[in-house]
Amino acid sequence: MMAKALLPEFWTEILVPVCAVVGIVFSLFQWYVVSCVKLTADRGGEHEGDGKNGHDDYLIEEEEGVHDQSVVAKCAEIQTAISEGATSFLFTEYKYVGVFMVFFAAVIFLFLGSVQGFSTKSQPCTYDKTRTCKPALATAVFSTISFVLGAVTSVLSGFLGMKIATYANARTTLEARRGVGKAFIVAFRSGAVMGFLLAANGLLVLYITINLFKIYYGDDWEGLFESITGYGLGGSSMALFGRVGGGIYTKAADVGADLVGKVERNIPEDDPRNPAVIADNVGDNVGDIAGMGSDLFGSYAESSCAALVVASISSFGINHDFTGMLFPLLISSMGILVCLITTLFATDISEIKAVKEIEPALKNQLIISTVIMTVGIALVSWTGLPSSFTIYNFGTQKVVKSWELFLCVAVGLWAGLSIGFVTEYYTSNAYSPVQDVADSCRTGAATNVIFGLALGYKSVIIPIFAIGVSIFVSFSFAAMYGVAVAALGMLSTIATGLAIDAYGPISDNAGGIAEMAGMSHRIRERTDALDAAGNTTAAIGKGFAIGSAALVSLALFGAFVSRAGIERVDVLTPKVVIGLLVGAMLPYWFSAMTMKSVGSAALKMVEEVRRQFNTIPGLMEGTAKPDYATCVKISTDASIKEMIPPGCLVMLTPLIVGFFFGVETLSGVLAGSLISGVQIAISASNTGGAWDNAKKYIEAGASEHARSLGPKGSEPHKAAVIGDTIGDPLKDTSGPSLNILIKLMAVESLVFAPFFATHGGFLFNIFS
């Protein structure tokens, strides 16, 4: 018998749910604090004279109109319009996604049930033939249940995120009248609500599901954790539709609003005369918030599932060591506590006194959480793991020490931070890469596009090395389990990462509301300062998501290879080479579909916005109101219709390849899509982020160089707007959706592995 962990099973059973509940309570507390900023026509919530946040700064000086009630009423009205638009879109999207969920749940049940011909007899275990396990029909039933649970939790994560963001946007605008520090805290607290709710809900639902399934499975942990993989599949499949649908919605509106408003009509961003302005602000919430929430929940669920599957056939599962088994959940529990402490640094311990302090405050969140989490991981590894144990490694059991597993998690955590900072270097206008892109606008849009593409390709280099190093270190120490927990390490500070990520769209919306409510340019400068910092941190968040997706899909790939009974993936065999080529092509096919969808939806939007400007008398003069509802409808209809083909491509590929061509070809497809998908995702996200911030660099005019390129409406500025418009679908639709593609195909292959191992290779079997 192996040594037991220091932490008794009883305490593990208590600690995990308690940490999850603490996360939920903390997020509700943050929500309460945000709700103290009132959107009604009284003076409530205007906490007078607390003297915080340095009122002597120009951008923080108290505005005369703090108690101008017409502004408050206007902000409330705009917020209601944005919230209703976002809610209506998500309900429409979830109707279609719900039909898909029911259909796919039936597919899981039928395919997995047919492995043993729907027999209810016990069967020999897959990895240990001397023991008997529950029938394949049980795996079919419980995988279907966990798929539905994962899907519902994912949808809920996205929906709650959107609700919080639309609740906080106008409150951030109103607080901006009292200073940039006040507005920052409201936006950040709101992001924290989403971050902690998502991390805690994901952990709690997974923990409860494991314990409920254990009642039936008893000692058959191999079957129990195989059926849990459906949770990751449910989470990611909903995230795919959320990301693609939301991404098409937001970018169709954004491109339409920018091209006609800023380039043709020379009116400011978020000008209320622009018919697409409400659709644009709704898009920030359904794409950047709801889509991103579902996406990161999917990553978290899958990395947990990958680690649990491998652990169940290692000494933890064989010896029924529940504390060691739940090591991935203990990491996530520690992550919630660490992020809670980290959040206090931004909201209560330090204060934002000047605009230049915003971005460092957000970056410090990442650094502080990573440093404290390293100590947290050491503590969890010391108490939650035996001093030595074995990990399943493609047919053999590899002896691993607890300190080696600590290093696996830590290398993932620090690789995430390094990817984040490289992303920041390439997308923030404080550094030379983006400034060079802005400078290239002097000679027009073409040179801007060339410089932007070059920057995106170059930005791939260091993240790939970081991912490579973390794979090598974690695999050397603990085989595929090491890779899975490295991915969990990268995602362990997900609550802080999401808080920073959600902060961006909330600030962006706050700026839009300030412009539409006709608030002074000083307020708009404050919200722009918040938004510019949010843009960079959003790019950092995407870097984390892509890096973790690479590690997660590799871990899932390893679990799939083991479960499908593939002895080795030989790249010299034609079956695998074909798979590699097809897999590497899929991200391009998928990107083509999503880019074209944004293009065709934007085309309709541009035509509608032009039509309104040309046919509504008094629109440009501001005496007539535009028809916002038609633009919202164009975005909604286009995104619902256009999200289905890319979704089907990703969901059907593993099923078709596995059934017709077998598990070896499918392993090639998974490897190929992982390798090319990560590169395209990083370059697309960073190119789009750089173009966006090059435009903001010119608009802000904060340096002599920037002023020489401006002001708004100048030729270099118009070239920058065109670059930003091209980058929109890259950074907010295709790029972020690609990390779901590589994860989703891997987890789907793992869930259906028993079916493919039994019935796969239909075509090759006929011709052999």
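Student: Which helix holds alanine 479?
Tutor: This is a predicted model, so we read it as one. The element in question spans residues 461–491. Alanine 479 is found in helix 14.

Student: Is alanine 479 buried or exposed?
Tutor: The cut-off for buried is under 20% relative accessible area. Alanine 479 has 0% relative accessibility, so it counts as buried.

Student: Which other residue has a positive phi although it is not a glycine, and where is its place?
Tutor: Phenylalanine 118 has a positive phi of about 55°. Its place is the loop between helix 2 (69–113) and strand 1 (123–124). The residue asked for is phenylalanine 118.

Student: How accessible is phenylalanine 118?
Tutor: Buried means under 20%, and exposed means over 50%. Phenylalanine 118 falls in between, so it is partly exposed. Its relative accessible area is 38%.

Student: How many helices and strands does the protein chain have?
Tutor: Both kinds of element are present in the protein chain. The count is 23 helices and 4 strands.

Student: Why is the chain called as compact as a globular protein of its length?
Tutor: For 768 residues, the globule rule gives 27 Å. The radius of gyration of the protein chain is close to that, so the chain is as compact as a globular protein of that length. The radius itself is 26 Å.

Student: What box do the C-alpha atoms fill?
Tutor: The box is taken along the principal axes. It is roughly 80 × 60 × 45 Å.

Student: What share of contacts joins residues at least 24 apart?
Tutor: Start with contacts between residues at least 6 apart in sequence. Among these, the share that joins residues at least 24 apart is 85%.

Student: What share of the residues is buried, and what share of the accessible surface belongs to carbon and sulfur atoms?
Tutor: Of the 768 residues, 65% count as buried. The accessible surface comes to about 25700 Å². The part that belongs to carbon and sulfur atoms is 67%.

Student: What does tyrosine 481 contact?
Tutor: Leave aside its neighbours within four places in sequence. Its contacts then include Ala307, Val310, Ala311 and Phe316. Also on the list are Gly324, Phe327, Pro328, Ile391 and Leu405.

Student: Where is cysteine 408, and what does it touch?
Tutor: Cysteine 408 lies in helix 11 (residues 402–427). It is buried, with a relative accessible area of 0%. Not counting residues up to four places away in sequence, it touches Ser474, Phe477, Ala478, Gly482, Val485 and Ala486.

Student: Is glutamate 269 buried or exposed?
Tutor: Glutamate 269 is found in the loop between helix 5 (221–264) and helix 6 (277–312). Its relative accessible area is 18%, and the cut-off for buried is under 20%. Glutamate 269 is therefore buried.

Student: Which residues does glutamate 269 touch?
Tutor: Residues up to four places away in sequence are not counted. Glutamate 269 touches Lys262, Glu515, Arg524 and Lys695.

Student: How far is alanine 279 from alanine 253 in space?
Tutor: Alanine 279 lies in helix 6. It touches Tyr249, Ala253, Cys631 and Val632, not counting residues up to four places away in sequence. Alanine 279 and alanine 253 are 26 residues apart in sequence. C-alpha to C-alpha, the distance is 5.6 Å.

Student: What separates valine 37 from glutamate 642?
Tutor: Valine 37 is found in the loop between helix 1 (9–35) and helix 2. At 4% relative accessibility, valine 37 counts as buried. Valine 37 and glutamate 642 are 605 residues apart along the chain. Their C-alpha atoms are separated by 39 Å.

Notes. Residues are numbered from 1 along each chain as its sequence is written. This is a predicted model: local features need pLDDT of at least 70, side-chain atom pairs count only at pLDDT 80 or more; totals for chains, interfaces and linings use all residues. Side-chain values use heavy atoms; hydrogens and water are left out. Helices (H or I, at least four residues) and strands (E, at least two) are DSSP runs, numbered from the N terminus. The radius of gyration is taken over C-alpha atoms; the globule rule is 2.2 Å times the number of residues to the power 0.38. Buried means under 20% relative accessible area, exposed over 50%, partly exposed in between (1.4 Å probe, protein chains only). Contact means heavy atoms within 4.5 Å. Accessible areas come from the Shrake-Rupley method with a 1.4 Å probe; for residues, only the protein chains shown count as cover.
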